[in-house]
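Subject: Structure for your review

Dear colleague,

Please find the structure below, handed over for your further work. My notes on it follow directly after.

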Amino acid sequence: MRFTVLGCHSPFPGPGGATPGYLLEAGGKRILIDCGSGVLAQLGKMISPWDLDGVILSHLHHDHISDFFVLQYAIMTAMKLKKRTSPLPVWAPEKPGHWYSKLSFGNYIEKHIIKEGLTVDVGDLLNIRFYRTDHGIPCYAMNITDGTHSILYGADSGVNTNWELMTDSPDLFICEATYLDQDLPPGPTGHLSAKQAARAANRIQTKQLLLTHFFPGYEPEQIQQEAETVFAGKCRIAASGLQIDL
Ligand SMILES: [Zn+2]
């Protein structure tokens with residue numbers, strides 16, 4: 001499997017950056033996970049958007065879906081120019097219904113609903129299983145395997161997310177680090193600090209932690225330092241273009 005970061009900022013992209021989006025490639029299939037602001041421009045550096053085999057949207061907050069609405073235009077244009085013959089499959093939670101309904105676009109998009117425990121096979125290799133996280137709207141983490149290696153993508157998640165239910169010792173855990181610990185709001189937010197992400201990584205004994213979904217004004221070194229106080233030597237910070245091969 002090859003996992004490429006397209007965007008890692010939140011809730012808005014920094015200069016030249018993008019909010020969450022990741023390209024997953026295995027067995028000749030190409031899946032886009034989340035499609036935030038700026039993701040399409042990053043994706044185009046690697047592949048044409050009409051060559052995607054599917055899109056998974058972990059949840060329907062704007063920083064994870066805003067570029068999906070121009071991806072619809074890319075697919076429409078490609079189908080009209082006969083560069084693509086089939087609609088683009090997209091998996092997403094059905095709530096909020098207002099946003100789920102907007103994922104449809106003529107005959108160019110084929111929608112599927114994500115629910116707790118749903119498993120999706122893509123091609124001969126990829127198996128993806130979905131789990132609800134602790135977030136303000138329905139949001140799903142995904143455990144991805146190719147039969148040999150495993151990736152847990154945590155999407156957006158608060159401290160009450162049950163990571164142990166999803167996986168044990170994954171090869172790669174992609175977890176949000178929305179805050180530095182010093183900036184954590186007092187109440188529950190459905191988000192994690194870098195330190196809390198590192199504690200989650202420690203609990204599931206991941207081989208590698210990739211921290212993402214951070215404020216573009218933070219220095220990556222600050223995030224890394226905070227996570228390393230809990231989970232030393234196994235933390236990386238996401239950046240557009242970063243590729244991890246498993
Ligand atoms: Zn988000």
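Two strands are taken to pair if DSSP finds at least two bridges between them; strands (E, at least two residues) and helices (H or I, at least four) are DSSP runs, numbered from the N terminus. On that basis, strand E2 (residues 21–26) and strand E3 (residues 29–35) are antiparallel partners, joined over six bridges. Within this pairing, Leu-23 has Leu-32 of E3 as its bridge partner.

Please note that this is a predicted model, in which local features need pLDDT of at least 70 and side-chain atom pairs count only at pLDDT 80 or more, while totals for chains, interfaces and linings use all residues. Residues are numbered from 1 along each chain as its sequence is written, and side-chain values use heavy atoms, with hydrogens and water left out.

Sheet

Seven strands form an open sheet with mixed pairing, in the order E6-E5-E4-E3-E2-E1-E14. Strand E6 (109–113) and strand E14 (243–245) are at the edges with a single partner strand each, so one side of each has no neighbour in the sheet. On average, neighbouring strands of this sheet are turned by 20° against each other, direction ignored (axes are lines fitted to C-alpha atoms, and angles run from 0 to 180 degrees between N-to-C directions).

Zinc site

The zinc ion has as its protein donors Asp-63 (OD), His-64 (NE2), Asp-156 (OD) and His-213 (NE2), at 2.2 to 2.3 Å. Donors are N, O and S atoms within 2.8 Å of the metal (3.2 Å for Na, K and Ca); water is not among the atoms, so sites may look incomplete. Along the chain, the donors of the zinc ion follow the spacing D-H-x91-D-x56-H. Asp-63 and His-64 are both buried (under 20% relative accessible area, with exposed over 50% and partly exposed in between; 1.4 Å probe, protein chains only).

Aromatic pairs

The structure holds nine aromatic pairs, that is, rings of Phe, Tyr and Trp (its six-membered ring) with centres within 6.5 Å; planes under 30 degrees apart count as stacked, over 60 as edge-to-face and the rest as tilted. Phe-69 and Trp-99 form a tilted pair, because their planes stand at 50°, with ring centres 6.1 Å apart. This pair links helix H3 (residues 68–80), which holds Phe-69, to helix H4 (residues 97–101), which holds Trp-99, 30 residues apart. Phe-3, Tyr-22 and Tyr-153 are linked by ring pairs into a cluster.

With kind regards
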